[in-house]
Amino acid sequence: MFRPFNGWTRQLLGPAAIMLAMAGTVTFTSATAGAVNATTLGAAAAGVGRYFGTAVPAGKLGDAQYAGILDREFTMITPENEMKWDTTEPSRNHFNFGPADQIVSHANAHNQRMRGHTLVWHSQLPGWVSGINDANTLRSVMDNHITTEVTHYRGKIYAWDVVNEAFADDGSGQLRSSVFRNVLGTGFVEEAFRTAHAADPAAKLCYNDYSIEDWNSAKTQGVYKLVRDFKSRGVPIDCVGFQSHFGNGGPPSNFRTTLSNFAALGVDVQLTELDIASAPPTAYANTVKDCMSVSRCAGITVWGIRDSDSWRSGESPLLFDRNGNKKPAYNAVLTAL
Ligand code: G3I
């Protein structure tokens, strides 16, 4: 089937290939463009209408090797820690956006978009919040935190992880115990999404979690029911982030079923924190292919650039080695795109 070329395709294929294709001799589609010529992750992903991102700590922006790879390869940035509550509001109503602002201005200067991570999370939460036991106080503290942070970055964030890791790992499919659930009840998730939407109606609002890639797990089903309920009642939710911290076997075999079932609810799906123990090329390629198989899979973010940058660096789970060299998994990803 011949499909009209988009701008990226034209740029990547060049005029000669386009003439051949239009004459019917060769049939390229935009879906093959990334694989034809692109030499970076970002360009290859753009060729198939996706982004390719990474987590970035502000402290590494001054590392020339690090920044060189970042700006060559990646089109989306997630601050690794700088937008979390313990950094942004370490004491009540005293906000500190300095470290995250550094990352946002780097992204602006290099044509990269931003994922905001994260507004409401039980972890990296300062003690002054986790100690609140009065519902009215906690509701007003949570809403003020969301409104102030989202307003500060209004118009600069492609997608927010509004609520992170709220579901339990105990097989119950229920929300985990946290100050938010325990003091506010399960409705805190909806409250957070409505508050974020009011502060920046244009940003995509995501629910983000780990171990929700296997369609058969109770945790996946719990999140699915939450998203289905939100969509049926018009609660503003636009996307689900699948963190995708995998063991060396890579994604579960039904990952694409999970992604397409969520997408069928009317949300984008994103791979938000991908890393794979020992980075087997096939496991990375399978993960990318799972995303590519779902049209609403908007993009992939890896959780760090070089193995030495990783939160699980002992497992060497990333696409670049400690010296900034491309690993075999890098080439597997580029080919899969
Ligand atoms: O900034 C302090 C520093 O002042 C102090 O000297 C040092 C001593 O340990 O700690 C530093 O803070 C560390 C922080 O990263 C910044 O480097 C924390 O101890 C450390 O716990 C924290 O780890 C982060 C972790 O989230 C915390 O939960 C990782 O960098 C970050 O990659 C990781 O990211 C999470 C996602 O946000 C959510 N999903 C899981 C993912 C991996 O755990």
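An oxygen atom of the ligand lies 2.7 Å from an N or O atom in the side chain of His-117, a polar contact in the sense of a pair of N or O atoms within 3.5 Å. The model is predicted, so local features need pLDDT of at least 70 and side-chain atom pairs count only at pLDDT 80 or more, whereas totals for chains, interfaces and linings use all residues. Residues are numbered from 1 along each chain as its sequence is written, and side-chain values use heavy atoms, with hydrogens and water left out.

A polar side-chain atom of Gln-243 is found 3.1 Å from a nitrogen atom of the ligand. On its own the ligand has 780 Å² of accessible area, of which the protein covers 45%; such areas come from the Shrake-Rupley method with a 1.4 Å probe.

The ligand is surrounded by 13 residues, the closest being Glu-80, Lys-84, His-117, Glu-165 and Glu-273; a residue belongs to these surroundings if one of its heavy atoms lies within 4 Å of the molecule. By residue class, this shell consists of three nonpolar, six polar and four charged residues. Here Ala, Val, Leu, Ile, Met, Phe, Trp, Tyr, Cys and Pro count as nonpolar, Asp, Glu, Lys and Arg as charged, and the others, Gly among them, as polar.

Two of the contact residues also have backbone features to note. The peptide bond leading from His-117 to Thr-118 is cis, with omega near 0°, and Thr-118 is part of strand 3, residues 113-120. Glu-165 is not a glycine, yet has a positive phi of about 55°. Glu-165 sits in the loop between strand 4 (159-164) and helix 9 (179-184). Helices (H or I, at least four residues) and strands (E, at least two) are DSSP runs, numbered from the N terminus.

The description now turns to helix packing. Two packed helices are described by the angle between their axes and the distance between the axes. Helix 11 (residues 218-233) and helix 12 (residues 255-263) have axes that come within 10 Å and cross at roughly 15°. Helix 11 is therefore roughly parallel to helix 12, a term for angles under 35 degrees. Helix 10 (residues 188-199) packs against helix 11 at an angle of about 50°, with the axes 12 Å apart.

Terms used: Polar contact = N/O pair within 3.5 Å; in protein donor to acceptor, adjacent residues only side chain to side chain. Axes fitted to C-alpha atoms, helices over the stretch in contact; angles between N-to-C directions. Parallel < 35°, antiparallel > 145°, perpendicular 65-115°, else oblique.
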